[in-house]
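Biologist: Could you walk me through this one slowly?

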Amino acid sequence: MGCRTTGPRSALLRVVAPRAGTTDAPVLLVPDERRRLPGRGAWLHPDLHCLGLAERRQAFGRALRTVGPVDASALRALLEEAGRPDHTDPGNGPGRTSDGKRVEKPMAAR
């Protein structure tokens with residue numbers, strides 16, 4: 001959502017807004033690590049860089065169809081606690097070597 005890149009759901013964090021915002025009170029964003037909470041969800045890479053981009057672009061309101069401001073403090077605390085590496089680091093992606101170069105795989109025989 002923040003960086004606009006896709007990935008497998010196993011690599012993404014689901015975020016929900018338990019209530020649709022209809023007042024001036026901020027809508028609290030809740031991380032749904034088990035992917036079981038009811039309601040509309042949005043998918044985000046679990047790192048602070050992606051969260052910052054989503055907040056700056058105000059993407060949560062559009063993705064979750066909420067009205068008014070959103071409060072991402074619980075989500076930010078979870079990501080800071082986890083200390084996960086930034087997914088934009090080329091060395092972290094699947095199919096890449098530790099120096100960030102892409103690993104070429106031969107095409108499978110049909």
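Predicted model: local features only at pLDDT ≥ 70, side-chain atom pairs only at ≥ 80, totals over all residues.

Biologist: How many residues are in the largest nonpolar core?

Modeller: That core has 20 residues, and those with the most contacts inside it include Met1, Leu29 and Leu51. Such a core is a set of buried Ala, Val, Leu, Ile, Met, Phe, Trp, Tyr and Cys residues joined through side-chain atoms within 4.5 Å, where buried means under 20% relative accessible area, exposed over 50% and partly exposed in between, with a 1.4 Å probe and protein chains only.

Biologist: And which elements give two or more residues to this core?

Modeller: They are strands E1 (13-16) and E4 (41-44), together with helices H1 (48-57), H2 (59-64) and H3 (73-82); helices (H or I, at least four residues) and strands (E, at least two) are DSSP runs, numbered from the N terminus. H1 gives the most, with 4 residues.

Biologist: What is Leu51 in contact with?

Modeller: Leaving aside neighbours within four places in sequence, Leu51 is in contact (heavy atoms within 4.5 Å) with Leu44, Phe60, Ala72, Leu75, Arg76 and Leu79.

Biologist: Changing topic, where is Arg65, and is Arg65 buried or exposed?

Modeller: Arg65 sits in the loop between H2 and strand E5 (70-71), and Arg65 is exposed, with a relative accessible area of 59%. Although Arg65 is not a glycine, its phi is positive, at about 55°.

Terms used. Residues numbered from 1 in each chain as written. Heavy atoms only, no water.
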